[in-house]
Amino acid sequence: MSQASDHVFEAAMHMSEEDRVDLIGRLLATMPEQELGLSIESADLREELDRRFADHDGEVRWVELRAER
């Protein structure tokens with residue numbers, strides 16, 4: 001990840017979950033759908049994102065995931 005991406009990520013982590021989901025949607029909207037294969041307009045994707053944000057039991061911190069790389 002570039003320094004700019006790291007900076008944006010760190011700033012996003014100070015946002016509410018609702019604002020982060022909104023940001024995800026806005027970023028996905030800028031991606032060509034045929035390459036990405038996902039749309040934030042998809043009810044299934046929105047439902048899965050909501051489920052994951054609500055599930056704190058299986059939560060893994062980003063630094064832990066990144067360390068696995």
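Is Glu-48 buried, partly exposed or exposed? Glu-48 counts as partly exposed, because its relative accessibility is 27%. Buried means under 20% relative accessible area, exposed means over 50%, and partly exposed lies in between (1.4 Å probe, protein chains only).

## Model and conventions

This is a predicted model: local features need pLDDT of at least 70, side-chain atom pairs count only at pLDDT 80 or more, and totals for chains, interfaces and linings use all residues. Residues are numbered from 1 along each chain as its sequence is written, and side-chain values use heavy atoms, with hydrogens and water left out.

## Fold and surface

The protein has 5 helices and 0 strands. From the N terminus the order is α-α-α-α-α. Helices (H or I, at least four residues) and strands (E, at least two) are DSSP runs, numbered from the N terminus.

Of the 69 residues, 13% are buried. The accessible surface is about 6100 Å², and carbon and sulfur atoms hold 51% of that area. Areas come from the Shrake-Rupley method with a 1.4 Å probe; for residues, only the protein chains shown count as cover.

## The largest pocket

The largest pocket holds about 930 Å³ of space. Its lining has 22 residues, and Phe-9, Met-13, Arg-20, Ile-24 and Phe-53 are the closest to the centre. A pocket is an open set of points on a 1 Å grid over the protein atoms alone, where a 1.4 Å probe fits, with protein on both sides within 12 Å along at least five of seven lines; lining residues have an atom within 4 Å of a point. Grid points are joined across faces, edges and corners, and the volume is the space filled by probe spheres set on them.

Helices H1 (3–12), H2 (17–29), H4 (43–54) and H5 (62–68) each supply at least two lining residues. H2 gives the most, with 6. By type, the lining divides into 13 nonpolar, 2 polar and 7 charged residues. Here Ala, Val, Leu, Ile, Met, Phe, Trp, Tyr, Cys and Pro count as nonpolar, Asp, Glu, Lys and Arg as charged, and the others, Gly among them, as polar.

## The salt bridge

Side chains of opposite charge can pair when their charged atoms come close. A search of the whole structure finds 1 salt bridge, defined as a side-chain nitrogen of Lys or Arg within 4 Å of a carboxyl oxygen of Asp or Glu. Glu-48 pairs with Arg-51, and their closest N and O atoms are 2.6 Å apart. Both residues lie in H4, 3 residues apart, about one turn of the helix. Arg-51 is partly exposed, because its relative accessible area is 44%.

Met-1 sits in the segment before H1. Met-1 counts as exposed, because its relative accessibility is 55%.

Glu-41 lies in the loop between H3 (33–36) and H4. Glu-41 is exposed too, at 70% relative accessibility. Glu-41 and Gly-25 are 16 residues apart in sequence, and their C-alpha atoms are 8.4 Å apart.
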